[in-house]
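This report goes through a protein–RNA model. It takes the RNA surface, then the domains, then some local features.

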Amino acid sequence: MSGPRVRFAPSPTGYFHVGSARTALFNWFIARQSADGVFLLRIEDTDAERNREEWVDGIISAMHWLGFVEDEGPFRQSDNTAAHDAAVTALLEAWYLYPCACTADEVQARKGDNKTPGYDGFCRDRAVPRGPGTALRFRTPREGATTVPDLIRGDVVTSNAVIEDFVVARSSGAALFALANVVDDRNDRITHVIRGEEHLPNTPKQILLWEALSAATGNVVQVPVYAHLPVLVNEQRKKLSKRRDPVAVESYRDQGYLPAAITNYLSLLGWSPRGDEEKVPLSTCIEQFRLEDVSHSPAFFDLKKMAHLNGEYIRELPLEEFLEASAPWVSPWASNWQPTDRTPPWTAADFDGDTWRRIAPLVQERVALLGDIVEMVDFFFLPVAPFDEAAFDKTIGRDENGQALLSNALEVFATVEWTAPTLHQATVALGESLGLNLRKAQAPLRCAVTGRTVGPPLFESLEYLGRDRTLTRIREALAKVAG
RNA sequence: GGUCCCAUCGUCUAGUGGCCUAGGACAUCACCCUCUCAAGGUGGAGGCACGGGUUCGAAUCCCGUUGGGACUGCCA
């Protein structure tokens, strides 16, 4: 007995959707659980109008970036049209299909008082000749029922009477998804079809097609077992949509999510590892994952939780890896990959790798996304600190103590030993002379030097910024008050 | 409307008839730590949709109600 053969079959109509990523992940789990499991990638690109070549590369590279690598493929569904055509012919000859000349409007009009849902089978017995304008419909059995063996939901039984005579081939002769997908799954010897819940309603049709193909061609292939994953929803509890919701894996990469955090988070949607720990390595998921344990109800895609997890993964990175991982955001010119929609506000000339390396450990424990680093360290590399006017007003502009503290700091800092601890002590003393605690005393200093009210620890920041630049910025802040 | 799927804290989930006074995580609140912000620590609030059964015993099984979702294309 050979291992499971699963496939991930995206349609290249856009960026790599997080819902697709989750489907790929669960498929990949099943493949990796067995030494001889196979994870196959098939690009379902038969709808030329909606597919774009650039999306294919994007989806594959995003998938690889997440860590899923296909064992077979990537195959193109469009390369299998000969097999699809042969299936259409076999099915037509075996009387499973019939030509239908109804237009979309006519089908719509006939829906009125029919008993079966959808198309009423008007052309089923009219012996319409096959020709231009005739689609091919499946002669759905009127009796009996079709059972979908679903590992997640159990057997799902649908009465054949409620399955319409669906279109299998366009009037152009080309097979539609329902058929093409089945033909390919048969040829690829797929054992487990793991896909989104939105496919559940058309699965009975596909099983009917599968069995018809076995009968018509004499090539009897075992129907796969199915697993329909609950959909991912937004805050309105609607299926995540490309149009409304931020779903592109590529955009999460741009923001600075780590692949491990994304896959770990995705594994938690509809499933959970044993025990109380949710932050688990993929190897643990592979060990423990069972389709039978997947939840039945839609899951909300919670960005806050994913960001939190990402922060945990960032914090546990060894410094060297953190430095390497953050390069696309802090020094993209020296990186082999860079986010598409953001570049640092500083230039390569103004960037100082040594300073970054020194402050990095303090930044590492403060960010949830790698993209957040930029705002936290920009004052080091920008010629002029990026002033937050409200903060300036509050801590310096309208605060005489703040101004006094800066004036005094100008003198003291001119000669004090330039290390974080001594700067710390000096600031405590500066504050005391004005009756300010350190919390109050650091505020104007921080604002003058970093332009912000929040940031990495101040005294280390001053040390790494250097005496000259610190004094200059204090002078500039004071000048700003005056004028 | 029709077909199908689903229902445990705000959210993701653990729970498969007694271990449940329902556990964890995110979010939230308080306190501690603290130069800001985070991180971390401690603690708190917060849930089995409702109604009937079955059973000695139900979050767990059955039925109904209500609520939500998916699908309903000559897209995939």
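Which helices and which strand each supply at least two residues of the surface near RNA strand B? Strand S12 (299–300) does, and so do helix H10 (303–315), helix H17 (438–450) and helix H18 (458–465). Helices (H or I, at least four residues) and strands (E, at least two) are DSSP runs, numbered from the N terminus.

## Basis of the values

The model is predicted: local features need pLDDT of at least 70, side-chain atom pairs count only at pLDDT 80 or more, and totals for chains, interfaces and linings use all residues. Residues are numbered from 1 along each chain as its sequence is written, chains are lettered from A and ligands numbered from 1 in the order in which they are written, and side-chain values use heavy atoms, with hydrogens and water left out.

## Surface near RNA strand B

RNA strand B is surrounded by 57 residues, of which Asp 47, Arg 153, Gly 270, Asp 276 and Glu 278 are the closest. Of the atoms of RNA strand B that come within 4 Å of the protein, 72% belong to sugar and phosphate. A residue counts as near the strand if one of its heavy atoms lies within 4 Å of it. By class, the surface near RNA strand B has 19 nonpolar, 17 polar and 21 charged residues. Here Ala, Val, Leu, Ile, Met, Phe, Trp, Tyr, Cys and Pro count as nonpolar, Asp, Glu, Lys and Arg as charged, and the others, Gly among them, as polar.

For Glu 197, an N or O atom of the side chain is 3.3 Å from a sugar or linking oxygen of RNA strand B. Ser 272 has a polar side-chain atom 3.2 Å from a sugar or linking oxygen of RNA strand B.

## Two domains of chain A

The assignment for chain A gives domain 1 (317–381) and domain 2 (389–482); such bounds come from an automatic or database domain assignment. Their centres, taken over C-alpha atoms, are 25 Å apart. In the contact (heavy atoms within 4.5 Å), domain 1 takes part with 11 residues and domain 2 with 13 residues.

About 1,100 Å² is buried between domain 1 and domain 2, with 61% of it on carbon and sulfur atoms. Buried area is the accessible area (1.4 Å probe) that two parts lose on being put together, summed over both. On the domain 1 side, Arg 358, Phe 379 and Phe 380 lose the most area to domain 2, together 52% of what that side buries.

Two salt bridges are found across this interface of domain 1 and domain 2, a salt bridge being a side-chain nitrogen of Lys or Arg within 4 Å of a carboxyl oxygen of Asp or Glu. Asp 378 forms a salt bridge with Arg 452, their closest N and O atoms lying 2.9 Å apart. Helix H12 (353–364) and helix H13 (373–381) each supply at least two residues of the side of domain 1 that touches domain 2. That side of domain 1 divides into six nonpolar, one polar and four charged residues.

## Local features

The whole structure has 22 salt bridges. Arg 5 forms a salt bridge with Glu 72, with 3.0 Å between the closest N and O atoms. Arg 5 lies in strand S1 (residues 5–8) and Glu 72 in strand S3, so the pair ties together parts 67 residues apart in sequence.

Strand S3 (residues 72–76) also contains Pro 74, which a cis peptide bond with omega of about 5° joins to Gly 73. Ala 127, in the loop between helix H4 (104–110) and strand S5 (135–138), has a positive phi of about 50° although it is not a glycine.

Definitions and conventions. Polar contact = N/O pair within 3.5 Å; in protein donor to acceptor, adjacent residues only side chain to side chain.
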